[in-house]
Amino acid sequence: MMRVRSIFLAGVVAVAGFAGTLPSSVMAAGDGVKAKSVDWSFYGPFGTFDRAQIKRGWKVYAKVCASCHGLKHVYYRHLLTIGIEPKAMKEMMTSRKMPMIDDAGDAVTRAAKLGDPITAPFANDVAAAKANNGKAPPDLSLIVKARGGGANYIYSLLTGYVTAAACEKEYKGSDGKPLKPESGQSCNTYFPGHIIAMAPPLASEGQVDYDEKGAPKATVSQMAMDVTAFLAWAAEPELEDRKRMGLRVMLFLLILTGLFFVIYRQVWRRVKH
Amino acid sequence: MSANAGHGAPQGTPRGRTANWIERRLPVFSTMEHFSQYPTPKNLNYWWNFGSIAGFVLVAMIVTGIVLAMHYTPHVDHAFNSVERIMRDVNYGWLIRYLHANGGAMFFLVVYIHLFRGLYYGSYKAPREIIWWLGIIILLLMMATAFMGYVLPWGQMSFWAAKVITNLFSAIPWVGESITTWLWGGFTVDNPTLNRFFSLHYLLPFVIVGVVVLHIAALHTVKSGNPLGVEAKTPKDTIPFHPYYTVKDLFGLGVFMLVWAFFVFYAPNFMGHPDNYIPADSLATPAHIVPEWYFLPYYAILRAFTADFFMYWPISWLITAKFAGVIAMFGSLLILFLMPWLDTSEVRSSRFRPIYKIFFWVFVIDTIILGYVGANAPDEVAHIALLGLFDFSTGLTWLTIGEITTFWYFFHFIILVPVIGRMERPRPLPHSISEPVLGGGAVGGGAAAQSRPGPMEKA
């Protein structure tokens, strides 16, 4: 009995300890707007990435997002590992040049190779900021990990744009007056503070060609979901390996711990205590 | 009848010639025998598992840390990217980094349980004061190490945590500014800061190892305490450490590793903050700067000290509220050093202290609430919610709750502990660890409430 109680108490202490982190880590989108909940294929202990979805997501990224956002921690060779064919990367690799120093010591450019990181849309952060009202658009390599709410938040953001009129009606600024996006600003339900510099990136159906066999219709919601799945992979390319290994490790430890328990009882059998 | 008769080899086991040659020059064999035969009270319960688990985590952290250091670059321009290379291109780099990042939190979890066990069972009382003090020194070193380790990935939270914490020293009158400049190696948190934090983050774990050796040496001098708090008197009260506690520790270690592995493989970023995946930006302050969970209670104590806090009034003519908060934050740990004197009770184990036992648990709850306070914005009204099951407003701001719980924290140590020790009438103690078993005392799970000595805990 005492033992059971001890284990129970240890559990309570542990859970209470972790629960202390909940308020910060559960905080999702800004102003308490709860992100939409999507049943992602990569969620759960056995989750994996949907290869077809990731490929479509890459297309959305390359066609839409990549004009402003970099993906510098992902290399072209990484895309191969998830089944994206070289021909799907070719356009970006040739149209965007990598800077290099040639044999004469001159600064020149060359086409990207598979061993290069995904080529950035701007030469540097200053150029990126100059082209975007003074603030460089964030790199997307880790965006899913870097936002509370993760993939759900990114999907909600991409599909959460509202018109300026709706914005004035629905939301109030910190001064209590109705929110009014200025020129170059948009209004988004899920963005903290609701005023966002990014114009709605996915605005019309069929914006990206989904010409693969069996591909779903390229609705705004579908494109947003696909590109979010792609970005989730970009943020956590190890996810499938991790969960697969996790299962084996947990099973191994479970058996090992069970054996330790049996041996423990066996060894202590004769001790009166 | 004695349970331990015949266990373990007698002292001075015959050895081979080579072994004897070595033994005369370096006592490895007798040391190994000491550890296997170390007489340990036979009634230790599972709360006594956490010391060896902490030792295991320390070693695991050093091993994973050394591997990470092979791939990490301590430079403001490369630190964040080098961590991403570890995550993406180093073989099993993600595994090593997640083990290390979650291992830090696990280390604190284990050590906090170990510490609360010491508080509950009076492990700080004579003759174990030095073990207790060394333990607190280990905790302080761990905190410094964890804080500097958190800065290394050079994400937003890394940078701003470094900024907030180092800025605390600027509250020291007269010399504060100079001290912060000296800590930073410049006029703000920058590359020299990152470099020295990396250097110290590599050094301090080995200092911890040294203090752990002293912690164990002191323990083996005075021997382990036990849940009854009466010293082991005869050989009947003890069993050799090996195999009894090695096997029990292995079982505990298995359970612990399951918890650790769960976080590493299925929720590796649960205890982290999303903002730390944004590279450090000295021009963009995060909306909420929050430390890791294991620092939250201290953070709450620090922030409780505002000009309006009644604990600050008596000293408001002397020092700033910020400095008072800094003193209180460090004081909340340093006060633990005084436990051998603060606790006036003759009885070690709370099992025989009906009043103190209640306030012990109140204190545990108090520290957990302090943790919640530290995680939330001070001006917001506190809601108590649990995963959508319930949600009600307390009507108090987190700051107010933080002030109350901060007060209670110090009230517990400074007033309650000494006063209860004097006033309380402890329950009768058993004469020895073995007595109830040999005397056929009550068996079962009931608390030791009878006039007869309490039943043994089935460890």
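Biologist: Before we get going, what counts as a helix or a strand here?

Modeller: Both are DSSP runs, numbered from the N terminus. A strand needs at least two residues, and a helix needs at least four.

Biologist: Good. And how many helices and strands does chain A have?

Modeller: Keep in mind that this is a predicted model. By that DSSP rule, the tally for chain A comes to 10 helices and 5 strands.

Biologist: Which strands of chain A form an open sheet, and in what order?

Modeller: There are 3 strands in it, with antiparallel pairing. Strand S3 (161-162) and S5 of chain A are the edge strands, since each pairs on one side only. Strand S4 (residues 186-188) is joined to S5(A) by 2 bridges. The order is S3-S4-S5.

Biologist: What share of the residues in chain A is buried?

Modeller: Buried means under 20% relative accessible area. Chain A has 273 residues, and the buried share is 43%.

Biologist: And what share of the chain A contacts with a separation of 6 or more comes from residues 24 or more positions apart?

Modeller: One example of a link between distant parts of the chain is the salt bridge of A:Asp211 and A:Lys59, whose residues sit 152 apart. For chain A, the share asked for is 65%.

Biologist: Let's stay with that pair: is A:Asp211 buried or exposed?

Modeller: A:Asp211 and A:Lys59 meet at 2.9 Å, N to O. A:Asp211 is in the loop between strand S5 (195-196) and helix H9 (220-235), while A:Lys59 is in helix H3. A:Lys59 is partly exposed at 23% relative accessibility. A:Asp211 has a relative accessible area of 60%, so it is exposed.

Biologist: Helix H3 also holds A:Lys55; how many residues apart are A:Lys55 and A:Glu85?

Modeller: Their side chains form a salt bridge at 3.6 Å, N to O. A:Lys55 is in helix H3 (residues 51-63), and A:Glu85 is in the loop between helix H4 (76-81) and helix H5 (86-95), 30 residues apart.

Biologist: Which residue of chain A meets B:Asp89 in a salt bridge?

Modeller: This pair crosses between chains, starting from the loop between helix H4 (79-88) and helix H5 (93-120) of chain B and ending in helix H4 of chain A. B:Asp89 is partly exposed at 29% relative accessibility. The N to O distance is 2.8 Å, and the partner is A:Arg77.

Biologist: Now B:Glu23: which side chain of opposite charge is nearest?

Modeller: B:Glu23 sits in helix H1 (residues 17-25) of chain B and is buried. A salt bridge needs nitrogen and oxygen within 4 Å. The nearest opposite charge is 4.3 Å away, so by that cut-off B:Glu23 has no salt bridge; that side chain belongs to B:Arg15.

Biologist: Then which residue's backbone nitrogen lies 3.0 Å from a polar atom of the B:Glu23 side chain?

Modeller: B:Glu23 touches several residues, including B:Val28 and B:Ser30. The backbone nitrogen at 3.0 Å is that of B:Phe29.

Biologist: What is the relative accessible area of B:Tyr356?

Modeller: B:Tyr356 is in helix H14 (residues 354-375) of chain B. Among the residues it touches are B:Leu119, B:Met339, B:His412 and B:Glu424. B:Tyr356 counts as buried because its relative accessible area is 1%.

Biologist: Last one: what is the phi of B:Tyr92?

Modeller: B:Tyr92 is in the loop between H4 and H5 of chain B, and is exposed at 52% relative accessibility. B:Lys223, not a glycine, has a positive phi of about 70°. B:Tyr92 is not a glycine either, and its phi is positive, about 55°.

Note on methods:
Residues numbered from 1 in each chain as written. Chains lettered and ligands numbered in written order. Predicted model: local features only at pLDDT ≥ 70, side-chain atom pairs only at ≥ 80, totals over all residues. Heavy atoms only, no water. Buried < 20%, exposed > 50% of the residue type's maximum accessible area, 1.4 Å probe, protein only. Lys, Arg positive; Asp, Glu negative; His and termini not counted. Polar contact = N/O pair within 3.5 Å; in protein donor to acceptor, adjacent residues only side chain to side chain. Contact = heavy atoms within 4.5 Å. Pairing = 2+ DSSP bridges. Lists of a residue's contacts leave out its neighbours within four places in sequence.
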